[in-house]
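Subject: Structure handover

Hello,

Please find the structure below, with notes on what was found in it.

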Amino acid sequence: MIELLTAVFLVAGAGFMLIAAMGLLRMPDLLTRMHATTKAGVLGAGLIMVGAAIYIGQLTVVVKAIAVVAFLILTAPVAAHAIGRAGYFVGVPLWSQTHTDELKGRYDQKTHTLASSGEKGSAQRDQGARGNRSES
């Protein structure tokens, strides 16, 4: 029974990892690729860790698997955010079907800070003085 349960977790984890890889190849731009790989990748790795912990069954392995899953859940969104922010700053183009760029005009290009909604007007004026992001 343990082997069957382990197999279910491992196959499910591998399936989610495959979905993450397919998302990396199929999604049209950086931000959607990050979304697909982060969510499905963390879930796939977590399921594989659960399967390994069930199969081995020792307390130290279970604790390590829990630590790995917790580390993945805590770090993957932060890493994805940092990569997305860096991509936005360097001007990685958005997908042509993207209708709304809510960050446009809110980032200060010099300080790399995000202006709040009340400061949006001043940030847009600053950006307008320096030229459009897509032109730079």
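A residue counts as buried under 20% relative accessible area, as exposed over 50%, and as partly exposed in between (1.4 Å probe, protein chains only). Met-1 is exposed because its relative accessibility is 77%.

This is a predicted model: local features need pLDDT of at least 70, side-chain atom pairs count only at pLDDT 80 or more, and totals for chains, interfaces and linings use all residues. Residues are numbered from 1 along each chain as its sequence is written, and side-chain values use heavy atoms, with hydrogens and water left out.

Overall layout

The chain has four helices and two strands. Both kinds of element are DSSP runs numbered from the N terminus: helices are H or I with at least four residues, strands are E with at least two. From the N terminus on, their order is α-α-α-β-β-α. Of the 136 residues, 21% count as buried. The chain exposes about 9300 Å², and 68% of that comes from carbon and sulfur atoms; accessible areas come from the Shrake-Rupley method with a 1.4 Å probe, and for residues only the protein chains shown count as cover. A contact means heavy atoms within 4.5 Å. Among contacts with a separation of 6 or more, 52% are between residues 24 or more positions apart.

Met-1 lies in the segment before α1. Together with Leu-4 and Val-8, Met-1 forms a nonpolar surface patch with about 370 Å² of accessible area. Patches are made of residues with over 30% relative accessible area and no salt bridge, where like charges are joined within 9 Å and nonpolar side chains (Val, Leu, Ile, Met, Phe, Trp, Tyr) within 5 Å. A salt bridge is a side-chain nitrogen of Lys or Arg within 4 Å of a carboxyl oxygen of Asp or Glu.

The expected span of a helix is 1.5 Å times one less than its number of residues. The 25 residues of α1 should therefore span 36 Å, and the end C-alpha atoms are 36 Å apart, which agrees. The buried residues of α1 are Thr-6, Gly-13, Ala-20 and Gly-23, and they pack against α2. Thr-6 has a relative accessible area of 6%. Leaving out residues up to four places away in sequence, Thr-6 touches Gly-51, Ile-54 and Tyr-55.

The loop and α2

Asp-29 sits in the loop between α1 and α2. Asp-29 is buried yet has no salt bridge; Arg-33, the nearest side chain of opposite charge, is 6.6 Å away. For charge, Lys and Arg count as positive and Asp and Glu as negative, while His and the chain ends are not counted. Beyond residues up to four places away in sequence, Asp-29 touches Pro-93, Leu-94, Trp-95 and Thr-98.

Helix α2 covers residues 30–56 and reaches 38 Å from its first C-alpha to its last, close to the 39 Å expected. The buried residues of α2, among them Met-34, Gly-44, Leu-47 and Gly-51, pack against α1 and α3. After α2 comes Gly-57, with a positive phi near 75°.

Val-61 is found in helix α3. With a relative accessible area of 22%, Val-61 is partly exposed. Not counting residues up to four places away in sequence, Val-61 touches Ala-52, Ala-53 and Ile-56. The C-alpha atoms of Val-61 and Met-49, 12 residues apart along the chain, are separated by 9.4 Å.

Regards
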